[in-house]
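This report looks at one residue in its surroundings and then at how two parts of the chain meet.

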Amino acid sequence: MPQSIEISTVGGWAACRGGGQASSRYGKIEDLVVGLKAVLPDGRMLEIAPLPRRSVGPSLRDLMVGSEGTLGIITELTLRIWKKPEIERGVVLAFPSLDAAWASARRIMQAELRPTIARIYDAVESAERTEGLDVFRAAPILAILVFSGSEPMVSAEQDMALAICAEEGGKIAPDGPFHHWKANRYVAYSQKWQAAGYFNDTIEVTGNWSAIPAMYAAMGAAAREIFPGIHFGAHWSHIYPEGACQYMTLRLPPMEQAEALPLHARLWEAVEGLTLDHGGSIAHHHGVGVFRNPWLARELGAGLDVLQAIKDTLDPGNLMNPGKLGLRPAASAVDVRHD
Ligand SMILES: Cc1cc2nc3c(=O)[nH]c(=O)nc-3n(C[C@H](O)[C@H](O)[C@H](O)COP(=O)(O)OP(=O)(O)OC[C@H]3O[C@@H](n4cnc5c(N)ncnc54)[C@H](O)[C@@H]3O)c2cc1C
């Protein structure tokens with residue numbers, strides 16, 4: 001389930017191509033939707049019957065999953081469900097470096113192991129979660145792995161994954177950070193900082209394993225150049241054989257809004273620009289809305305023209321969420337960011 005479970009809808013998860021916390025095993029929402037119904041802009045129903053696979057042209061299901069309300073309103077979803085796991089085991093690891101933790105995650109996924117949860121925290125976010133735990137003095141990078149399923153499967157996956165971690169220098173650590181994560185996994189921290197006057201935001205992007213080290217380093221450096229006292233922390237919590245989601249928290253201290261908003265805009269420009277420079281995707285699971293419009297043409301190239309052509313055909317009056325997803329705004333729209 002997404003962290004936003006209490007404030008979001010199933011339709012919204014599908015419309016934004018969201019991702020739950022156990023995506024490393026079960027996939028994102030696009031991997032869970034097997035069928036759907038949607039009302040098209042002209043009032044007709046688009047019905048995609050729930051079937052395991054088909055070979056009848058491009059996936060219309062995928063056209064709707066992620067369309068952010070621009071092509072129709074999703075009224076019904078059929079989701080793949082899984083049996084409740086018999087057991088679950090959480091393991092906390094301390095790694096000597098981020099490189100070692102990333103290498104472990106990459107090797108685990110490429111070995112076809114599927115931990116239910118896999119989380120790697122950078123030094124900033126690790127320090128916040130490991131205070132008083134001696135093992136993290138020499139190995140400051142925190143990782144949490146959770147395995148679930150039947151006992152023999154969990155034991156086999158856990159043994160193989162931990163052998164990989166040990167080869168990369170990972171050490172088993174006390175399991176407090178796992179229990180803390182589990183107890184707080186649906187708690188949003190932004191409000192706490194915002195209530196105290198801070199400007200707190202999160203940005204999630206996708207990168208391939210080969211690009212992540214340089215991408216992460218460049219983003220941290222850029223953020224500190226824009227505002228030297230910034231809090232910049234990151235974790236990687238949706239991992240795949242090819243790469244991972246890099247989820248960053250950027251926080252400016254209390255200041256006048258007129259000073260903070262231009263800094264906020266520069267930070268987004270830097271992070272999204274560097275994502276594209278490193279061959280990544282500007283959004284892993286939060287979608288585009290209107291805020292990410294400036295970078296969509298660079299990411300999708302001719303693909304954005306394809307989307308616009310589909311939009312123009314299905315919704316010639318530009319009635320449904322005009323201006324979202326990088327598509328043409330309503331004629332009367334004003335871009336308030338430049339006012
Ligand atoms: C604290 C916090 C934590 C979050 N954690 C996560 C997380 O763990 N994982 C994650 O993926 N996201 C997360 N998000 C982002 C967000 O909650 C999700 O992307 C969620 O999927 C959006 O769903 P919603 O129902 O809130 O959609 P809304 O915000 O109401 O709508 C989003 C867009 O989808 C369109 N839309 C909504 N419903 C439909 C529908 N039925 N048919 C067509 N279009 C529709 C809307 O028009 C709008 O353009 C988080 C957000 C917050 C604030």
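## A buried serine

S104 counts as buried because its relative accessibility is 1%, where buried means under 20% relative accessible area with a 1.4 Å probe and protein chains only. S104 lies in helix α5, which covers residues 98–110. A polar atom of the S104 side chain lies 3.0 Å from the backbone oxygen of A100. Apart from neighbours within four places in sequence, S104 is in contact (heavy atoms within 4.5 Å) with F95, I164, C165 and E168.

## Basis of the values

The model is predicted, with local features needing pLDDT of at least 70 and side-chain atom pairs counting only at pLDDT 80 or more, whereas totals for chains, interfaces and linings use all residues. Residues are numbered from 1 along each chain as its sequence is written, and side-chain values use heavy atoms, leaving out hydrogens and water.

## Domain 1 against domain 3

An automatic or database domain assignment divides the protein into domain 1 (5–79), domain 2 (87–183) and domain 3 (190–277). The C-alpha centres of domain 1 and domain 3 lie 29 Å apart, and 6 residues of domain 1 are in contact with 4 residues of domain 3.

Between domain 1 and domain 3 the buried area (accessible area, 1.4 Å probe, lost on putting the two parts together and summed over both) is about 320 Å², with carbon and sulfur atoms giving 39%. On the domain 1 side, S23, S24 and K28 lose the most area to domain 3, together 76% of what that side buries.

Technical notes. Helices (H or I, at least four residues) and strands (E, at least two) are DSSP runs, numbered from the N terminus. Buried means under 20% relative accessible area, exposed over 50%, partly exposed in between (1.4 Å probe, protein chains only). A polar contact is a pair of N or O atoms within 3.5 Å; within protein, one must be able to donate a hydrogen and the other to accept it, and residues adjacent in sequence count only if both atoms are side-chain atoms.
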